[in-house]
Amino acid sequence: MKNASTAIVATALLGFVACTNVNSPNGPSVTELRPDERGFVAGLGIESQDLVTISDKMARGILGAEPIANAQGKPVIVLEPINNETRFPIDKDIFLTRIRVSLSGNANGKIQFVAREHIDKLEAERDRKLAGQVTGGEKVKGNEFRGADFILTGTFKAISSRGNAGASDYVLYTFQLIDPDNSDIIWEGFHEIKKQGRDDVTYR
Amino acid sequence: MKFATASLQLLVLWMTACQAPDIPPAREYSDDLVEEGKRLIAQAPRQDKNLWRLRVGLIALKQNQPAEAKALFDAAMPSAGQILQADASTRMAQSLFAPENVKGFHGEPYERAMGWFYRGLLYWIDGEPDNARACFRTAQLMDALAEKQQYRADWVLLDYLDGFISTKLGQDGSTALERARTHADGTVLPDYNSKANTILFLQTGFGPVKKSGGDVGEALVYDGGHSDVARVRVTVAGQTVEAPIYDNLTTQASTRGSRAMDLVLARKANVKKIGDTVGDVGTVPGVVLVEHDETRDAGLALLGVGLVGKFIGNSVEPRADTRTWNNLPQHLSFAALQLPVGEHTATVEFLNASGAALPDRQKSVLLTVQADRDTVVLVADR
């Protein structure tokens with residue numbers, strides 16, 4: 001009898017756990033997902049799974065580009081903000097940051113990035129060193145901030161439509177690696193995503 | 001004995017004191033409308049919180065508290081690509097026995113467009129004009145649900161701003177400007193000045209208010225808003241600009257046409273009307289027939305059917321959702337100026353149809369023009 005009760009309780013617990021789908025909003029109130037996984041609040045906009053897929057794809061493309069793969073020494077790459085022409089407000093730095101991290105992790109030291117976005121603070125620190133306010137001034141020999149061998153930037157464009165049948169968003173993500181000395185585009189990669197959806201009838 | 005009596009009295013007194021009612025102190029109201037608004041948000045039913053966030057967010061924006069406004073708009077509005085999905089409240093809103101307003105508030109298309117319009121303004125204040133343009137594009141898309149083709153995505157200012165920002169960013173804004181001029185219906189829109197660094201969003205009057213129509217409240221109709229302002233004149237640093245009215249919110253609200261939800265409400269209304277009719281037809285004759293022995297059985301049956309009909313008719317809730325973002329303006333206008341870096345005081349005059357400035361509406365606005373970003377302000381006549 002005791003064994004039977006234990007078995008029933010165990011079965012009930014197992015059933016309860018099995019029915020709790022982590023991907024369902026009826027499941028736990030907080031669910032941890034992989035960033036490349038589509039969550040249950042997915043929409044038509046630019047989302048984390050797009051960011052991961054696109055930045056990994058672009059990083060692979062950049063590493064395979066001839067001027068990078070066969071470069072003598074470590075080419076210096078400067079990141080310039082994305083030109084967002086979609087209807088989705090985005091953090092423009094997040095894509096380039098993700099690409100940079102992905103490249104840094106996979107390039108085995110073949111690429112050098114520079115922190116151009118912090119140039120004001122870097123100049124202030126260098127000036128403090130040169131003025132003797134802090135140590136290290138003797139190591140500074142003129143302007144040692146590196147110029148870019150290549151500039152990495154991108155443009156997002158979209159075609160969006162909406163009607164009673166639903167909403168649709170096509171987004172074209174393009175990235176270019178540009179030689180600033182002659183404006184040549186030495187590598188270009190793209191990714192495109194189309195999403196469709198429809199609001200519940202009570203909101204249409 | 002006296003000691004015992006005194007002790008007893010003390011005990012009774014002590015117990016009585018402990019039973020004294022706990023009188024809460026009088027509530028303190030602050031003069032800060034945003035703080036008071038937050039209190040209202042906290043007190044609002046769950047399905048109305050977004051509505052209150054939008055109302056209070058606009059108050060914060062008008063009071064030059066952009067950080068507060070941003071937080072409230074972000075909390076109130078779904079992200080630009082989010083699909084509004086079914087949940088328990090939307091299923092209840094579709095059921096026969098609950099009105100539409102039990103669903104979470106996301107507003108009608110003109111209200112959603114205005115939410116994105118203000119969100120875009122806030123991005124521009126933050127020095128992110130391309131994200132502001134993204135918001136204006138999403139706002140325009142909210143209006144694409146209009147029933148008639150000519151009213152779809154026809155906000156003038158949204159297209160005008162789309163082209164203006166594109167021009168400022170060194171891109172081609174001519175297509176958007178052309179769209180804006182097509183929808184402007186005779187209003188002359190100024191050419192873009194890509195070097196303009198001072199952006200004034202101008203709004204006037206009171207916007208439309210929703211009310212229920214139809215036989216049993218199943219239709220959504222609008223009480224038009226009001227504004228007696230026909231143009232806005234901005235004078236600053238020796239420059240004078242007269243801005244036309246770009247958009248009328250009552251027009252935008254009332255040209256939306258029928259909604260998909262209207263079919264659901266029409267079905268509910270039909271059930272209610274049939275129930276009421278069956279109730280009326282069955283109840284009175286049933287009562288009469290019950291009076292006579294030979295017709296009592298038939299009378300009871302008819303009375304029963306009538307009462308069931310009445311019950312159903314009274315239980316069905318076909319009322320349309322009339323919750324309104326009620327501090328929106330009636331008119332939107334816009335002016336862009338090129339000013340030298342530094343502080344300037346602008347005078348904003350609201351002009352009536354005959355061109356006279358309305359004296360009680362004049363505003364004085366301090367503009368702090370910076371070198372590295374646009375100065376963006378919202379000026380309302382009320």
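Reader: Which residues of H12(B) are buried?

Author: B:Leu302, B:Leu303, B:Gly306 and B:Gly309 are the buried residues of H12(B), where buried means 20 or more other C-beta atoms within 10 Å of a residue's own, exposed 12 or fewer, and partly exposed in between, with C-beta atoms placed from the backbone. This is a predicted model, in which local features need pLDDT of at least 70 and side-chain atom pairs count only at pLDDT 80 or more, while totals for chains, interfaces and linings use all residues. Residues are numbered from 1 along each chain as its sequence is written, and chains are lettered from A and ligands numbered from 1 in the order written.

Reader: What covers the buried residues of H12(B)?

Author: The cover includes helix H11 (260–290) of chain B, with contact taken as C-beta atoms, placed from the backbone, within 7 Å. Helices (H or I, at least four residues) and strands (E, at least two) are DSSP runs numbered from the N terminus.

Reader: Switching topic, how many residues does the contact take from chain A and chain B?

Author: Chain A contributes 21 residues and chain B 27 residues. On the side of chain A that touches chain B, strand E4 (residues 150–163) gives the most, with three residues.

Technical notes:
Contact = placed C-beta atoms within 7 Å.
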